[in-house]
Amino acid sequence: MEALKRVEEALKAYRECVEREASEYGPEYERVTFMEWEAPAPDPCAEAFQDLLDAVRAYEAQGGSREELDLGAHRARVYRALSKG
């Protein structure tokens with residue numbers, strides 16, 4: 001299923017972005033990412049997260065169930081965002 005592959009690729013890109021930022025900012029990661037989400041400038045991880053949400057929506061639109069996706073530690077955040085949107 002092409003939609004599943006899209007979810008997997010988007011999740012991988014988002015995880016890599018989060019890991020990169022976490023290693024770059026160290027103990028300041030939480031504070032810096034909060035400021036980035038509130039700032040008007042584009043944030044690569046916010047964009048990667050939006051791509052992940054779009055991929056999950058497309059997967060569901062093709063009949064897939066989000067419960068079948070292995071979203072790992074990001075599951076709760078993805079579900080919250082999907083329920084808002």
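**View 1. The link between cysteine 17 and cysteine 45 is a left-handed disulfide.** In this predicted model, the angle about the S-S bond comes out at -105 degrees, and the two sulfurs sit 2.0 Å apart. The disulfide count here is one. Cysteine 17 belongs to helix α1 (residues 2-25) and cysteine 45 to helix α3, so the bond ties together parts that are 28 residues apart in sequence. Both ends are tucked away: buried means under 20% relative accessible area, and cysteine 17 comes in at 4%, while cysteine 45 has 3%.

**View 2. Helix α4 (residues 75-84) has buried residues and, on its other side, exposed ones.** Which residues of α4 are buried? They are Val78, Ala81 and Leu82. Looking down the axis of α4, you'd find its buried residues within an arc of 100 degrees, so they line one face of the helix. Part of what covers them is α3 (44-61).

**View 3. Arginine 66 sits in the loop between α3 and α4.** Its side chain makes a polar contact of 2.6 Å with the side chain of glutamate 60. Leaving aside residues up to four places away in sequence, arginine 66 also has Val56, Tyr59, Arg75, Tyr79 and Leu82 among the residues it touches.

Terms used:
Residues are numbered from 1 along each chain as its sequence is written. This is a predicted model: local features need pLDDT of at least 70, side-chain atom pairs count only at pLDDT 80 or more; totals for chains, interfaces and linings use all residues. Side-chain values use heavy atoms; hydrogens and water are left out. Buried means under 20% relative accessible area, exposed over 50%, partly exposed in between (1.4 Å probe, protein chains only). Helices (H or I, at least four residues) and strands (E, at least two) are DSSP runs, numbered from the N terminus. The arc is that of the directions from the helix axis to the C-beta atoms. Contact means heavy atoms within 4.5 Å. A polar contact is a pair of N or O atoms within 3.5 Å; within protein, one must be able to donate a hydrogen and the other to accept it, and residues adjacent in sequence count only if both atoms are side-chain atoms. A disulfide is a pair of cysteine sulfur atoms within 2.5 Å.
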